[in-house]
Amino acid sequence: MANSVPYSILDISPIPQGFTAADALRNSLDVAQHAERWGYTRYWVAEHHNMTGNASSATAVLVGYIAGGTKSIKVGSGGVMLPNHAPLVIAEQFGTLESLYPGRIELGLGRAPGTDQMTARALRRDLLGSDDRFPQDVRELQHYFGPIQEGQSVKAIPGANTNVPIWILGSSLYGAQLAAHFGLPYAFASHFAPDHLLEAMSIYRDLFKPSEQLAKPYSAFVMNVVAADTDEEAQHLFTTLQQNVVRMRRNTRGQLPPPIEDLDDFCDPHEQAAAAHTLQCSLVGSLETIRKGMRTWLERTGADEILFTGQIFDHQARLKSFEIAAQAAQGL
């Protein structure tokens, strides 16, 4: 069924309590295989480090695992945190992936380390990888993915001539300006940082300059989605994510917790209010509730695509949530 708005998935391979990283990775592949059948456009995985509840740290490896287990869906990073890596290494990794799965690999780039500062130093000890070099590193990557120039001494093999599509990811106005200046597609991390979403989308469209990769602006934004047969069931499942956000603010992160009956038993009203602000870009409910929310957010943002992310404790409930989200998007 043709849909008017592309819909995709951003995954962090959450590790539920009582399960392992291996379980989480297998679950991610299962979600991707279902997503392919449900008409999702792309399946991205996000780089995080030193987090006991996420299994997506080795992003390029996971992209290869997902791509190898699917047939047609685009697979990529949402994103690779560029300050952690030398651009040549990323070019070789994603050039290899593109060589193996031609036309299906995408590289979303983020400017944050995706972890704490101590872990960031452990990942890349020479501070040349700071976010101050982000624009230069993006240009360097584009250079490696392009044709080999006469006299070029450093080449990405595989990588050269693969022209892997690059996206800029962000949660502030900086990324919107950079994506517009470089003429690249842009995705906003509104699922955990919603404050600048509308302004960033507007700035990106207003400042966009056409490039070889992209003739006109193309933007996406990330929404949490927790869908179920009824609004009440979805709200119950949503308590997992609410607990997670509260725990992050308490600096007591862990594996993904099961849902609970009453959030009041877990946290104070001010903590619930803070979590509600963080999670304001969320769709929680039944099919019709989800569809109505999609329409509202698409009208507000003017975005070209929605990326869904869903941290739900039970794997089967998570699958059903993404299936309902697909049905809602197809019905727009």
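## A walk through helices, a cavity and a pocket

Let us start with helix α10, which covers residues 287-301: its 15 residues reach 21 Å from the first C-alpha to the last, close to the 21 Å expected at 1.5 Å a residue. That expected span is 1.5 Å times one less than the number of residues, and helices (H or I, at least four residues) and strands (E, at least two) are DSSP runs numbered from the N terminus. Please keep in mind that this is a predicted model, in which local features need pLDDT of at least 70, side-chain atom pairs count only at pLDDT 80 or more, and totals for chains, interfaces and linings use all residues. Residues are numbered from 1 along each chain as its sequence is written, and side-chain values use heavy atoms, with hydrogens and water left out.

Which residues of α10 are buried? They are I290, R291, G293, M294, W297, L298 and T301, where buried means under 20% relative accessible area, exposed over 50%, and partly exposed in between (1.4 Å probe, protein chains only). Seen down the axis of α10, these buried residues fall within an arc of 165 degrees, so they line one face of the helix; the arc is that of the directions from the helix axis to the C-beta atoms. On the other side of α10, K292 and E299 are exposed. The buried residues of α10 pack against α7 (197-207), β7 (219-227), β8 (282-285), β9 (305-309) and α11 (315-330), with contact meaning heavy atoms within 4.5 Å. After α10 comes G302, which has a positive phi, near 70 degrees.

Next, follow the chain to α11. Its 16 residues should span 22 Å at 1.5 Å a residue, and its end C-alpha atoms are 23 Å apart, which agrees. Among the buried residues of α11 are H315, R318, F322 and I324. The partners against which the buried residues of α11 pack include β1 (7-11), α1, α8 (231-250) and α10.

Now for the empty space. Rolling a probe the size of a water molecule over the atoms shows where empty space is left. On a 1 Å grid over the protein atoms alone, a cavity is a set of points where a 1.4 Å probe fits but cannot get out, and a pocket is an open set with protein on both sides within 12 Å along at least five of seven lines; lining residues have an atom within 4 Å of a point. Grid points are joined across faces, edges and corners, and a volume is the space filled by probe spheres set on the points.

How many cavities of 30 Å³ or more does the structure hold? It holds one, and the largest cavity has a volume of about 70 Å³.

Of its 15 lining residues, Q142, N163, V164, E212 and Q213 are the closest to the centre. Both α5 (134-145) and α6 (173-182) supply at least two residues of this lining.

Finally, look at S190, in the loop between β6 (186-188) and α7. S190 is buried, with a relative accessible area of 0%. Not counting residues up to four places away in sequence, S190 touches L197, F221, V222, T278 and C281.
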